[in-house]
Amino acid sequence: MDERYNVLFLCTGNSARSIMAEAILNRKGRSLFAAFSAGSHPSGLVRDEALEQLAVAGLPTEGLRSKSWDEFAKPDAPKMDFVFTVCDNAAREVCPIWPGQPMTAHWGVPDPAVATGTPEQIERAYRQAFLILDRRIMLFLSLPLSSLSQLAIQKEIDRIGQQ
């Protein structure tokens, strides 16, 4: 594998979970990774609650936008090394053919955008989604990718998604 890796986080709406994952990895893995996010049916907006979680964590939010996964299936798109689905709907959909045949895994996270209740309960749902993504990304960042075989990497990224 290359010394710098491109990672795409996919969700249906690309409004919360995949956006948060993109921001987390771009900050915490910026020397080795470039993270992107997209949706199969993008909502066209990033949820304010997701942006608030990122701000609370001190992560930059500029440039984050809801976009279609079609942007990353084009010939001139960055070649992805990893593609992670973070919602169950996107994991069940037929994905585009990604140039370069990246490694894929499902890292399902409950959708905070469907949370109901008090403002505190909704904020808790977003915080919980953020914490799950942050933990998984930290585990991913701890993998010695340059010294593992493709099979070992696949096993580890699948295991991370089950935690």
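In what follows, a residue is buried when its relative accessible area is under 20%, exposed when it is over 50%, and partly exposed in between, with a 1.4 Å probe and protein chains only. By that definition Arg65, with a relative accessible area of 42%, is partly exposed.

Colleagues, the model before you is predicted: local features need pLDDT of at least 70, side-chain atom pairs count only at pLDDT 80 or more, and totals for chains, interfaces and linings use all residues. Residues are numbered from 1 along each chain as its sequence is written, and side-chain values use heavy atoms, with hydrogens and water left out.

I begin with helix H4. Helices (H or I, at least four residues) and strands (E, at least two) are DSSP runs, numbered from the N terminus. H4 covers residues 119-141, 23 residues, and spans 33 Å from its first C-alpha to its last. That is close to the 33 Å expected at 1.5 Å a residue, where the expected span is 1.5 Å times one less than the number of residues. Its buried residues include Tyr126, Phe130, Leu133, Asp134 and Phe140. What do the buried residues of H4 pack against? Their partners are strands E1, E2 (33-39) and E3 (82-85), together with helices H1 (17-28), H2 (48-56) and H5 (150-161); contact here means heavy atoms within 4.5 Å.

Strand E1 (residues 5-11) contains Asn6, which is buried at a relative accessible area of 16%. A polar atom of the Asn6 side chain lies 2.8 Å from the backbone oxygen of Lys79. Beyond its neighbours within four places in sequence, Asn6 is in contact with residues including Ala34, Phe36, Lys79 and Phe82.

I turn now to charged pairs. A salt bridge is a side-chain nitrogen of Lys or Arg within 4 Å of a carboxyl oxygen of Asp or Glu, and by this rule there are 8. One of them joins Lys28 and Asp134, at 2.5 Å from N to O. This pair links distant parts of the chain, with Lys28 in helix H1 and Asp134 in helix H4, 106 residues apart.

Glu123 is partly exposed at 28%, as is Arg127 at 32%.

Finally, Arg65 meets Glu71 in a salt bridge of 2.9 Å, N to O, and Glu71 is partly exposed at 32%.

Definitions and conventions:
Polar contact = N/O pair within 3.5 Å; in protein donor to acceptor, adjacent residues only side chain to side chain.
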